[in-house]
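User: I am new to this structure and would like to learn how its features are read. Please take me through them one at a time.

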Amino acid sequence: MPLISYREALNDALREEMERDPNVFILGEDIGFFGGAFKVTEGLFAEFGEKRVIDTPIAEGLIVGAAIGAAMVGLRPIAELMTVNFALLAMDQIVNHAAKIRYMFGGKTKVPLVVRAPGGGGSQLGAQHSQSLESYFLHCPGLKVVIPATPEDAKGLLKESIRDDNPVIFLEHEHLYNTKGEVPSEEYTTPLGKASLKRTGTDITIIAYSNMVLTSLEAADHLEKEGISVDLIDLRTLNPLDTATIRASVKKTNRAIIVEEDWKTGGVGAEISAQIYEHLFTALDAPIIRVAGKDVPMPYAKNLERAAIPQVDDILQAAINIL
Amino acid sequence: MPDEITMPKLSDTMEEGTLLKWFKQEGDYVQQGETLFEVETDKAVMEVEAFTSGVLSQILVQAGEIVPVGTPIAIIGGETGKVVPQEEPLMQEAQKAMAPTDTSLHEIKTPPKLKVVPPKETRISAGADKANASPAARTFAQQRGIDLAQIEGTGIGGMITLKDVRNFKEHKAVKEGTLPLTQRELLPTEEITNLSKMRKAIAATVSYSKKNIPHFYVSYEIAMTNVMAQLHELNQKKNGTDKITVNDVIIRAAATTLKNYPSLNALYPEQGLILKKEVNMGIVIGLEEGLIIPVLKKSDTLTLQEISHGVKQLREKAESGKFSADDLNEGTFTISNLGMLGVSDFAAIIYPPQTAILAVSAIKDIPVIKNGSVVPTKVMKVTLSMDHRVVDGINAANFLRDLQKSLETDTLDAMEKPCCTVEDD
């Protein structure tokens, strides 16, 4: 299998779906002639032209609103928000419209929309440009939330999201764009709602997603050397959530650590741990530990920023505490 | 319309219940009012009746699982085994909304009330509730009747973990050899009893022996017609006093034969094999509360009469319980005789650190073919159990052959003399 970057995998997914289905088009800020702020859409403008690769004004509400309208009349828009931080300007369109239209119209119209947005911290971009807002979307019924960690999943899940008839929030991590991985050269898609088991073990379950899968893999390798075996689950999608995989693993290990870059309070880990407590209480041999982003606006100073984002050492400490 | 059955709230304080038992299986037809399942709450065990009739199409919570009040535990009615897919919630919702509006608000059923059978017994002790234990440890302990109050926790804040309970269970079983203390109250048809000191000692010894000594067994059949005839004659002469038993003869024959088989008259405490030059014969004596193995010292140097006398003395001491430590120590070989109880065949467990034990069964009248004709013969079966680390089958076979020869051909007159003396090196 060819080794390509997360960025290239996304670019391939977009190109293949635009070739496959003439209803698929993309819109966003600087995605056309410039190729996107993170170069995910590079080359698509030249290939598909300005009608299918649309540069928009700097107006996120407009981007998502226009995409919703297009989706309602039968097109399959992919809206790129330059970063997830700017999604806050489009929250009314996303939460009040995209998520609800199909319900409120009694199923008579559907919204096959994908909103792509990179996020995450670690690049000294300051408090306003380093956020992980996945729990905002997870909180809202009617949105699917997809958050891949590897190039293979990025491509397979984006293609699946484009073909899905419901609004999908597709969250990328800025640190993952340059990571490389093997991606099948033949046609494939990856189903939503199926987690991926990155390591199998019997001592601890580690549940992670996005960039934290990479951090957790490193931690799992250290633990393996100490004779502690880890079941490492990459959730891949937060909604739908693969509770079957979580359930099977926690029943086996009796211990769970959730690793997330978003804020701990009201975060993804809070939801998952509540579900584990609700359904697997008697399987637990220790309290669940959340290794999460610190509850602060992301600091700019490099050392402080590092302290605010979960590191390998934090996961190792959690493993020591939970055993 | 299928009816969902949820974990009922059976008391004011009940928050979760353990589903102990299903009285019906998936696919069974359930009549309204039939007992459907049994639940253990924080206070009691209760049977719950079905509130509706129909096919029990799905059991969602299996026996042994603990679920919160209100959790769906089964479905009555609907299609058997059909699981509602959860992947497409949006689609389902949308389809539901699009469906013809036949489900008006008026038709929504109020949930039927559950009939509750009054509690029949209380099972949980207060101690278990208060222990600082993880949910997994608690569940594990409860299912196996282990008392959490006895366990020291090593988890966070001294919490008892699954590992602590597992370790405790293992140690307890190995060290004490006692019955596991049960956490539930006993049924009227059960009783629990603590093992006596003697029983515990026996339990520890036989467990150690069977666990550590690789036993193997060789059996032989010995014709006892000749011996029995001689014994009868001899005892008639004695006129009722100081009667010799067949057991005395077997002890004498075994003690004599052992002189040629040092590895069978030996101790193997694993540091090395200790060969014993005199035969201190252990004799298993059954008592009401267990058994005891007094030792007839230097039995290889005794006449049949002396052996008989010695065994009688040991038996009397066993009955009155007045042994000195000396009477019970230094055995080199053991005989267990269940012949008087009519046992046709058995094998004994080696008494460590000895290397062998002889099991003697009953003498039976058996038709034996000898020189082409059937001869009524008194036959006794003996089985030698041995430690295969130090003894092989050939030793056993030779020993038993010689024992047979001794019992079948030696005269009791010869046995009246001491057979051997201890050699001085």
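User: Among contacts in chain A between residues at least 6 apart in sequence, what percentage join residues at least 24 apart?

Analyst: Two residues are in contact if their C-beta atoms, placed from the backbone, lie within 7 Å. Among such contacts in chain A between residues at least 6 apart in sequence, 79% join residues at least 24 apart. This is a predicted model, in which local features need pLDDT of at least 70, side-chain atom pairs count only at pLDDT 80 or more, and totals for chains, interfaces and linings use all residues. Residues are numbered from 1 along each chain as its sequence is written, while chains are lettered from A and ligands numbered from 1 in the order in which they are written.

User: How many helices and strands does chain A have, and what percentage of chain A counts as buried?

Analyst: Helices (H or I, at least four residues) and strands (E, at least two) are DSSP runs, numbered from the N terminus. Chain A has 12 helices and 14 strands. A residue is buried if 20 or more other C-beta atoms lie within 10 Å of its own, exposed if 12 or fewer, and partly exposed in between, with C-beta atoms placed from the backbone. By this criterion, 53% of the 323 residues of chain A are buried.

User: Which residues have the most contacts inside the largest nonpolar core?

Analyst: A nonpolar core is a set of buried Ala, Val, Leu, Ile, Met, Phe, Trp, Tyr and Cys residues joined through C-beta atoms within 7 Å. The largest one has 104 residues, and V115(A), I206(A) and I257(A) have the most contacts inside it. Helix 1 (residues 6-20) of chain A supplies the largest share of this core, 6 residues. A second, separate core has 49 residues, among them I250(B), L358(B), M386(B) and A396(B).

User: With which residues is I257(A) in contact, leaving aside its neighbours within four places in sequence?

Analyst: Its partners are I204(A), I206(A), I289(A), V291(A), I315(A), A318(A), A319(A) and I322(A), once neighbours within four places in sequence are left aside.

User: Strand 10 of chain A contains some of these residues; are its faces covered or open?

Analyst: In a regular strand the side chains alternate between the two faces of the sheet. Both faces of strand 10 of chain A are covered, with I204(A), I206(A) and A208(A) buried on one side and T205(A) and I207(A) buried on the other. Strand 10 of chain A runs parallel to strand 11 (residues 230-234) of chain A, and 5 bridges join the two. One bridge pairs I207(A) with I233(A) in strand 11 of chain A.

User: How many residues of helix 7 of chain A are buried?

Analyst: Helix 7 of chain A is mostly covered, with 12 of its 13 residues buried. Among them are P151(A), L157(A), L158(A) and I162(A). Helix 7 (residues 151-163) reaches 19 Å from its first C-alpha to its last, close to the 18 Å expected.

User: In what order do the 7 strands of the open sheet in chain A lie?

Analyst: Strands of a sheet pair through backbone hydrogen bonds, either parallel or antiparallel. Two strands count as paired if DSSP finds at least two bridges between them. The 7 strands of this open sheet in chain A have the order 3-2-4-5-7-6-12, with mixed pairing. Strand 3 (53-55) and strand 12 of chain A stand at the edges, each with a single partner strand, so one side of each is left without a neighbour in the sheet. Strand 12 of chain A is joined to strand 6 (residues 144-146) of chain A by 2 bridges, and the two run antiparallel. In strand 12, T237(A) is the bridge partner of V146(A).

User: Which strands stand at the edges of the open sheet of 4 strands in chain B?

Analyst: The order in this sheet of chain B is 5-4-2-7, with antiparallel pairing. Strand 5 (45-49) and strand 7 (66-68) of chain B are at the edges, each with a single partner strand, so one side of each has no neighbour in the sheet. Strand 4 (residues 35-40) of chain B is joined to strand 5 of chain B by 5 bridges, and V39(B) has M46(B) as its bridge partner.

User: Finally, is G157(B) buried or exposed?

Analyst: G157(B) is exposed, with 7 other C-beta atoms within 10 Å. G157(B) is placed in the loop between helix 3 (135-144) and helix 4 (162-176) of chain B.

Key
Expected span 1.5 Å × (residues − 1).
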